[in-house]
Amino acid sequence: MINYLARRIAISISILFAVSFAVYLIFAILPFDPAALTCGKNCNDPSIIEANRVRLGYNLPIWQQYLVFLKGLFLGRTFGEGAATIICPAPSFGYSFQEHACVTNSILEALPVTLSLAIGALILWLILGVGLGILAARYRGRAADTGSTVFVLIGTSLPTFLTGLLLLVFVVVKWRILPYPSGNYTPLFENPLEWLNTMILPWITLAFAYAALYTRFVRNAVIETLSEDFIRTARAKGLSEKVILRKHTLRAALAPLTTMAGLDFAGLLGGAILTEAVFNLPGLGRLSLGAVVDFDLPIIVATTILAATIVIVMNLVVDILYAFIDPRVRVAA
Amino acid sequence: MSFLEVNNLRVEFPTSDGIVKAVDGVSFSVERGETLAIVGESGSGKTVTNLALMGLLSPRASRISGSAVMHQSSGDVELINLPSEQARKIRGKNMAMIFQDPMSSLHPYYTIGDQIIEAHQIHNKVGVEVSKARAIELLEMVGIPQAAERLKAYPHQFSGGMRQRVMIAMALVNSPELLIADEPTTALDVTVQAQILKLLRELQSELKMAIILITHDLGVVAGAADRVNVMYAGKIVESAPVRELYANPLMPYTHGLLSSVPRMDRAHGTRLSAIAGQPPSLIALPAGCAFAPRCTFSSRVTGGPSRCASAMPELVEHVPNHFARCHLEGATL
C-alpha cells in the first residue's frame, strides 16, 4: 500500500509539471503580448509596456519564464525595484495587473466561496440522489419509482442557470424568504447564519441537477446488483430483504459512486461558473470567467493548474477510498 | 413416505407475450440419503422447479401451484406458497442451495469467514465465536487446508474449485436435510468436477441428507446420482434409477441425449449424433407430446406421428420403477 501510494504520488506530481508547462505555453502561443495587456485597453505608451515587460519577466525566453514561474511557486517572487516593488510571497502564481493583486491572494479569496458551494452541494445531492435512487430501486415500478423518474427528468432537463433564476424569482423576489444576493461572501466562521443565507440557494440549484443524475445512477446500480448471483446466494441463506439491501446490495452498488462523486466534486471545485454567476458569488468560477474576458493570463494559468491539481488529487483520493471498499482492488494495488 | 414429496408442481410466468409454463405439473419424490438428478437442456424447467422449492421465485413475477411437502425430523412442512417469513426461516437452515458459478455466487467484498458465519448466525442464536468454530469445522470438512487462516481470505483469493467448496461449506453450515445443487460443476475444470462430486457424495453419506442435483451433463449424472428425472418443456418425460436409464432409455428424448454424449466404448470414427430442431416455446406448447416435432421414432408409434402430435402421453411405469412419457410401448430404442 505504501509503495502503491508513493508511486501514485510520484506520477501525480509529474502530471502536474506537464500540465503546468502546457498551460504556461499559453503565454507563448496566444496572439497577445502579455506585457501590452498589463497596461490597460487604451494604453499606447511603449515605454510603460517595455518597463512592465522587464518587471514581469516577459522579456525572457518562454522556458526561462516557466522556470521563474516554478521558482516563484516555491520561493515567492519580487516584481520591480525601489518604491514600486511588489512582493508576492510563496507560493506565488505571479501578479495580475487586472486585479492589481498577487494571483495567489485572488485565488485564496475565491477558493473558500467555491469550497463552500461545492461541499454543501455535494452533501445535499448525495443525500437526495442516493436516497431517492435506493427508494426507486426498492419500490421498482411503483409510485416511488415513477416519482423519482419525474424528478430525474426535470432535474436533467433544467439547466442550472434556469433553476437558479427560478429560485431567485420565487424565493427571493416574490416570497421574500431570503435576502437578495449581495455579491459579497460571508465566511462560515464570521457569521454562520449569513453564510447559510448566501449559500442555500446555490446549493439547491447545483444539487438539483446532480441529484437527478445520481438518482438515476443509484437506481440502476441497485437494480443491477440485486440481480447478481451473490444476492441470490444471500437470499438462499435465508437473509431478510432488509439485510440483503443494506449489507449485500448497497456496498456493491454504491462503490462506483465514489468515483463519480469524486470527479464531479473535483469538477465543481474548478468553479461552478454558471451558478456563481447567477448568484453573484465571488468564487473561482467567476474569477476564471473574468480572467478569460480580460485576458488576465496569470490568473488563467493559476486557475487551470489549480483545477488540474484538484482533479489529480481527487482521483488519488477516490482510488484510495476504492481500495477500502473493494478488497479486490487492494490486492491488485 | 419419502422425505420430499413434490406433487403436480406448476410454475407460470405471465409475460406480455403470454403465459410461460416453465414447470407444468411435475411430481417426484426424494428419499433421505438419496441423490436425485434432474436432467434437461436450458429452459426445460429444472432450475425453476428448484427455485420454487426454495421459495426464491419472485411472488410478483410468478404463479406457483401444487404441493411439495418436506418431512423433516422436526415436522412436516409444505414448501409451496409458504409465507415469506416462514420460508426465510427454512431457507439456509433445513434446505440449502449451491449454484452454478462459484465465481459470482460469493460476495466479492466480504471474507469467506464473514459469509459463512453470517449464514450460521441468521439461524442460530449463538455468539460469533461459536459460529466461527462451526465455520472452521465446515471448511475442514470440505477439504480446505488451514481453515482458520483462510476464513480471513476473500473469494477472489480462491480458485474456482475452492470457491465451490466454500459454497458447499456455507450451504451445509446449518446441517440442512435437503441440498439442492444447481449445476454445481458446470463452471469448473473436469478434474475439479470429479473432486466436487466425490465430496458431495462423501458429505451425503456422512450427513444423510437428500440431494437434488440439477445438471445438463449426463456424465455428471452417471457417477453422482441414484435416480434421474429427465425434463423437457416443463414436464418430466422419463424417470428411472441411473443404471436402468443408461441401459434402457424408453423416451426418444433421453435416447437422443445419451447418444449425443461421447463415449469411450463406442467404435472409433463414429459420429456423435445431435437432436435436430429446437425445444418448443413455453408460451405456445403443442397439444400433444412437446418432443414430437423433433422425434425420429414417432412413425413407429401405433397410430403414427399424428397421435404424438395430438395426444400428450402420460408418465407411465413401463418397467418396474422406470417411468416414461411416450406412446411407444415397451420398444427398445
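This is a predicted model: local features need pLDDT of at least 70, side-chain atom pairs count only at pLDDT 80 or more; totals for chains, interfaces and linings use all residues.
**Entry 1: two helices.** I started with helix H4 (residues 112-123) and helix H5 (residues 128-141) of chain B, which pack at an angle of about 115°. Their axes lie 9 Å apart. Angles of 65 to 115 degrees count as roughly perpendicular, so H4(B) and H5(B) are roughly perpendicular to each other. I also looked up the handedness: H4(B) passes H5(B) in a right-handed crossing.

**Entry 2: who meets whom.** Which residues of H4(B) meet H5(B)? I found B:Ile112, B:Ile116, B:Ile117, B:His120 and B:Gln121. On the H5(B) side, their counterparts are B:Val128, B:Ser131, B:Lys132, B:Arg134, B:Ala135 and B:Leu139. Sorting the residues of this contact gave me six nonpolar, three polar and two charged.

**Entry 3: the sheet.** Next I turned to an open sheet of four strands in chain B, with the order S2-S1-S4-S5 and antiparallel pairing. Strands S2 (18-30) and S5 (75-78) of chain B stand at the edges; each has a single partner strand, so one side of each is left without a neighbour in the sheet. On average, neighbouring strands are turned by 15° against each other, direction ignored.

Entry 4: I then followed strand S4 (residues 63-72) of chain B, which pairs with S5(B) in the antiparallel sense over four bridges. Here B:Met70 stands opposite B:Val77 in S5(B). Finally, I looked at helix H1 (residues 46-54) of chain B, which packs on the sheet and touches strand S1 (4-15), S2 and S4 of chain B. The direction of H1 makes about 105° with that of S1(B).

Definitions and conventions. Residues are numbered from 1 along each chain as its sequence is written. Chains are lettered from A and ligands numbered from 1 in the order in which they are written. Side-chain values use heavy atoms; hydrogens and water are left out. Axes are lines fitted to C-alpha atoms, for helices over the stretch in contact, and angles run from 0 to 180 degrees between N-to-C directions. Angles under 35 degrees count as roughly parallel, over 145 as roughly antiparallel, 65 to 115 as roughly perpendicular and the rest as oblique. A crossing is left-handed if the near helix is turned anticlockwise from the far one by less than a right angle, and right-handed if clockwise. Contact means heavy atoms within 4.5 Å. Ala, Val, Leu, Ile, Met, Phe, Trp, Tyr, Cys and Pro count as nonpolar, Asp, Glu, Lys and Arg as charged, and the others, Gly among them, as polar. Two strands pair if DSSP finds at least two bridges between them.
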